[in-house]
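I am opening my notebook to look up how side chains meet in this model.

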Amino acid sequence: MTTTTAAPAATAVRSRPKKSKLGWNLIGLLVFVVVGFPVYWMLNTAFKPARDAIDPNPRFFPRTFTLENFRRALDIADFWGPVGRSLLVSSVVVVIGIAVGLLAALAISRFAFRGRKIVIVGILAVQMVPLVAMIIPVFLLLNDLGQYDKLSGLVITYLTFILPFTVWTLRGFIVNIPKELEEAAMVDGCSRTSAFIRVVFPLLAPGMVATSVYGFIQAWNEYLYALMLMSQQNQTATVWLSNFSTKHGTEFAPMMAGSTMMAVPIVILFLLVQRKMAAGLTAGAVKG
């Protein structure tokens, strides 16, 4: 009698994890569809004829494919100039942000000094300020410094919101690395600097890669400051897309083609560092 009742109970227990796993898989699939559909529709519109892009009854799958939209996107205005400027600005911002942010994150994570908590709260407070609220002060400051309509001025501006993000993110990764590793290296004869370079830095590399990628994306996709602080001759890639909106309407198909070409550098960057990105995202997820 006991054996008969135990078998159905064991079967029910085994079936629960399967149902739970199926439910989470369905939720994950739904999230993927919701997040991925805009990207699919961008590609769909980029490769369909321009007349089909404004069809009041759009098709989920295009009837014909064409590269005319990409030719139109390259002809409507200079493309490589804005893309090159965006790559330059984003790369310089990431390099400076990582170099300065790493030192700042190391200081607030490993050293106790007066005003340390105030610095941490200040970093959080800066990230809470809306970017649109700083347009006029930033414009006046750059104008006084002679940096208006210059790429160096745009780099300085981007650092004001990317650097706090970098410091806060790297702090989480550094805190997650036990201090005992550095202390053991120092006992073995390493200086504090040598212990950081030989022990902490290799463990921190995935976190630096993840932070660099997200900082690059923020600088690459920024539109408001690039529009307000740069002239038509020095426009970046995001501002370049506004050339498709005129008083006669918006050319949606070439705009989507331009957006697709703009997304290529980010996709390539993710493909190159995807393993480091995954390791970095999990490395700072425990504490800090």
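**Charges over rings.** I looked up which charged groups sit over a ring, meaning that NZ of Lys or CZ of Arg is within 6 Å of the ring centre and within 35 degrees of the ring normal. The charged end of Lys 48 is placed over the ring of Trp 41, at 4.9 Å from its centre, and Arg 171 lies over the face of Trp 168, 5.1 Å from the ring centre.

**What I am reading.** I note that this is a predicted model, in which local features need pLDDT of at least 70 and side-chain atom pairs count only at pLDDT 80 or more, while totals for chains, interfaces and linings use all residues. Residues are numbered from 1 along each chain as its sequence is written, and side-chain values use heavy atoms, with hydrogens and water left out.

**Ring pairs.** I counted rings of Phe, Tyr and Trp (its six-membered ring) as a pair if their centres lie within 6.5 Å, with planes under 30 degrees apart called stacked, over 60 edge-to-face and the rest tilted. By this rule I find 14 aromatic pairs. The centres of Phe 60 and Phe 61 are 4.8 Å apart and their planes stand at 85 degrees, so this pair is edge-to-face. I also looked up accessibility, where buried means under 20% relative accessible area, exposed over 50% and partly exposed in between (1.4 Å probe, protein chains only). Phe 60 is partly exposed at 44%, whereas Phe 61 is exposed at 60%. Phe 37, Tyr 40, Trp 41, Phe 60 and Phe 61 are linked into a cluster by ring pairs.

**Salt bridges.** I took a salt bridge to be a side-chain nitrogen of Lys or Arg within 4 Å of a carboxyl oxygen of Asp or Glu, and the structure holds 4 of them. For helices (H or I, at least four residues) and strands (E, at least two), I used DSSP runs numbered from the N terminus. Together with Glu 68, Arg 71 and Asp 75 form a network of salt bridges. Arg 72 pairs with Glu 251, with the closest N and O atoms 2.9 Å apart; this links distant parts of the chain, 179 residues apart, since Arg 72 is in helix H3 and Glu 251 in the loop between strand S2 (249-250) and helix H12 (252-283).

Which residues does the salt bridge of Arg 110 tie together, and are they buried or exposed? Its partner is Glu 182, at 2.4 Å between the closest N and O atoms, and both Arg 110 and Glu 182 are buried.

**Nonpolar cores.** I defined a nonpolar core as a set of buried Ala, Val, Leu, Ile, Met, Phe, Trp, Tyr and Cys residues joined through side-chain atoms within 4.5 Å. The largest has 37 residues, and Leu 102, Leu 170, Leu 204 and Trp 240 have the most contacts inside it. Helix H9 (192-221) is among the elements giving two or more residues to this core, and its 8 residues are the largest share. Leaving aside neighbours within four places in sequence, Leu 170 is in contact (heavy atoms within 4.5 Å) with residues including Ile 98, Leu 102 and Met 208.
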